[in-house]
Amino acid sequence: MKNLRVLVLSASFGAGHISAAKAIIEAIQSKQPDAEINHLDYFAEFFNKTLYNLVRAFYVGLIKHVPWIWGKLYYKAGRLAPDSLIQRWLNQVGRTGLLKYIQATEPDVIVCTYPTLAGILGELRLYGLLDVPVVTVVTDFVAHRQWVHHGI
């Protein structure tokens with residue numbers, strides 16, 4: 001019998017997404033000790049490195065110095081329509097590299113703990129480019145629109 005292969009995708013924008021991913025990995029390992037689990041920070045792996053570092057620095061700066069602005073941006077992001085220009089752009093970010101990685105590693109299931117990933121993976125599944133089951137674990141206080149996508 002082959003070992004279960006799991007791909008866990010998260011992002012290091014806030015410690016909660018990574019912490020949740022680690023807890024999920026521990027839970028899987030406790031039930032399936034022989035499972036092959038890969039855990040990747042999606043943006044660090046599949047996003048332009050310079051842009052990733054700039055966005056991360058911007059995010060940390062907002063949280064640290066003007067958290068109320070982050071709150072407003074978070075609220076607005078949660079209200080994005082699935083077919084909005086911004087959402088369609090987000091669903092393209094790093095998608096090609098991610099799909100190649102998935103095809104190369106052939107996971108049995110993908111778990112994501114970051115909302116942008118739900119949109120990307122959901123769209124890949126809806127277009128028939130990905131047939132791997134995908135599970136989204138909500139790691140925010142609210143399951144806003146960025147978390148919920150068709151195909152997941």
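Rings of Phe, Tyr and Trp (the six-membered ring of the latter) are taken to pair if their centres lie within 6.5 Å, with planes under 30 degrees apart counted as stacked, over 60 as edge-to-face and the rest as tilted. By this criterion, the structure holds five aromatic pairs. One of them joins Y42 and F43, whose ring centres are 5.0 Å apart and whose planes stand at 80°, so the pair is edge-to-face. The rings of F43 and F47 are likewise edge-to-face, because their planes stand at 80°, with the centres 5.4 Å apart. The model is a predicted one, in which local features need pLDDT of at least 70 and side-chain atom pairs count only at pLDDT 80 or more, whereas totals for chains, interfaces and linings use all residues. Residues are numbered from 1 along each chain as its sequence is written, and side-chain values use heavy atoms, with hydrogens and water left out.

Y42, F43, F46, F47, Y101 and Y114 form one aromatic cluster. Burial was assigned from relative accessible area (buried, under 20%; exposed, over 50%; partly exposed, in between; 1.4 Å probe, protein chains only).

Secondary structure was taken from DSSP runs numbered from the N terminus, with helices (H or I) of at least four residues and strands (E) of at least two. The protein contains seven helices and four strands, arranged from the N terminus in the order β-α-β-α-α-α-α-α-β-α-β. Strand β3 (residues 109-112) includes C112, which counts as buried at 0% relative accessibility. Contact denotes heavy atoms within 4.5 Å. Apart from neighbours within four places in sequence, C112 is in contact with L9, L117, A118, L121, V134, V135, T136 and V137.

For the protein as a whole, the radius of gyration, taken over C-alpha atoms, was compared with a globule rule of 2.2 Å times the number of residues to the power 0.38. The value of 16 Å agrees with the one near 15 Å that a compact globule of 152 residues would have. The C-alpha trace spans about 50 × 30 × 30 Å along its principal axes. Buried residues account for 42% of the 152 residues. Among contacts between residues at least 6 apart in sequence, 73% join residues at least 24 apart.
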